[in-house]
Amino acid sequence: MKVVLFCGGYGMRMRSSEASDVPKPMAMVGPRPLIWHVMRYYAHFGHTEFVLCLGYGAHHIKDFFLRYEETTSNDFVLRGGKPELLSTDIADWTISFVQTGIESPIGERLRRVRDYLDGDEMFLANYADVLTDAPLDNIVERFRNSDAGASMLVVPPQSSFHCVEMDEGGRIGAITPVSELPLWENGGYFVLRQEIFDHIPENGDLVADGCGELAKRGRLLAYPYRGFWKPTDTVKERYALDAAYTHGDRPWALWEREKVHA
């Protein structure tokens with residue numbers, strides 16, 4: 001299936017300075033940017049046709065792939081001064097780079113790449129800035145066997161704050177971590193049918209408009225997941241992922257497990 005990646009936002013909370021114009025999916029985790037890790041995840045499951053919804057800082061994403069250096073993350077033999085790759089990352093990928101506007105909301109970005117989906121009944125979509133090891137094959141199969149118009153990965157709240165229960169006099173009776181409450185939040189990994197376009201108006205939003213309308217109709221499917229899932233909404237979260245990568249703690253890198261067992 002084709003994979004639509006939303007990678008045109010400003011990413012204000014990820015900026016290290018006001019002068020930076022690097023979009024959030026281009027923040028580095030190890031030697032590669034976030035968007036590469038997300039794409040490798042999908043490619044691991046056999047989905048190698050990507051449609052990039054570009055916007056702010058699009059030239060950074062274009063330049064990265066136009067100047068892609070395979071030797072950064074693949075073994076090779078140097079023979080006669082020229083590298084001979086022993087494996088490749090993106091040689092079998094097809095990537096469409098589509099400018100979808102600087103200010104466009106997510107739903108509008110999706111509307112603007114509809115023609116690139118070739119009318120496929122089902123396709124995948126992602127914010128390109130969240131990493132997980134969720135079983136994509138299971139997610140897709142569960143959705144395929146349903147009559148839902150859309151499916152979203154849902155995860156426990158990631159906040160480190162605590163909620164309190166108190167009486168009218170202000171005495172606290174219980175303190176509970178937000179992550180332990182019976183709540184779920186949008187995990188940013190979607191499986192969609194063409195029907196989603198019926199519910200997103202011009203300049204609309206994918207979740208609030210498209211998924212919201214499907215939910216009202218009982219046609220939105222959730223895939224609850226309590227395994228590894230990490231956002232990169234802040235610089236602190238990105239640094240934590242980068243540090244984990246450096247120390248070899250990469251649960252999202254399912255493709256590396258293949259090398260271990262090869």
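This is a predicted model: local features need pLDDT of at least 70, side-chain atom pairs count only at pLDDT 80 or more; totals for chains, interfaces and linings use all residues.
I'll start with strand E4, residues 49-54. Of its 6 residues, 5 are buried. E4 has a partner in E1, residues 2-7, and the two run parallel, joined by 6 bridges. It also pairs with E7, residues 94-99, again in the parallel sense and over 6 bridges.

In soluble globular proteins, nonpolar side chains tend to be buried together. Here the largest nonpolar core has 51 residues, and Leu5, Tyr41, Tyr42, Leu52, Leu153 and Trp252 are those with the most contacts inside it. Helix H1, residues 34-44, supplies the largest share, 8 residues. A separate core holds 21 residues, including Phe6 and Cys211.

Back to Trp252. Leaving aside neighbours within four places in sequence, it is in contact with Val29, His37, Tyr41, Leu131, Thr132, Asp133, Phe228, Leu241 and Tyr245.

Last, the cysteines. How many disulfides does a search of the whole structure find? The count is 0. Cys211 is in no disulfide either; its nearest cysteine sulfur is that of Cys53, 15 Å away. Both residues are covered: Cys53 is buried at a relative accessible area of 0%, and Cys211 is buried at 1%.

Technical notes. Residues are numbered from 1 along each chain as its sequence is written. Side-chain values use heavy atoms; hydrogens and water are left out. Buried means under 20% relative accessible area, exposed over 50%, partly exposed in between (1.4 Å probe, protein chains only). Helices (H or I, at least four residues) and strands (E, at least two) are DSSP runs, numbered from the N terminus. Two strands pair if DSSP finds at least two bridges between them. A nonpolar core is a set of buried Ala, Val, Leu, Ile, Met, Phe, Trp, Tyr and Cys residues joined through side-chain atoms within 4.5 Å. Contact means heavy atoms within 4.5 Å. A disulfide is a pair of cysteine sulfur atoms within 2.5 Å.
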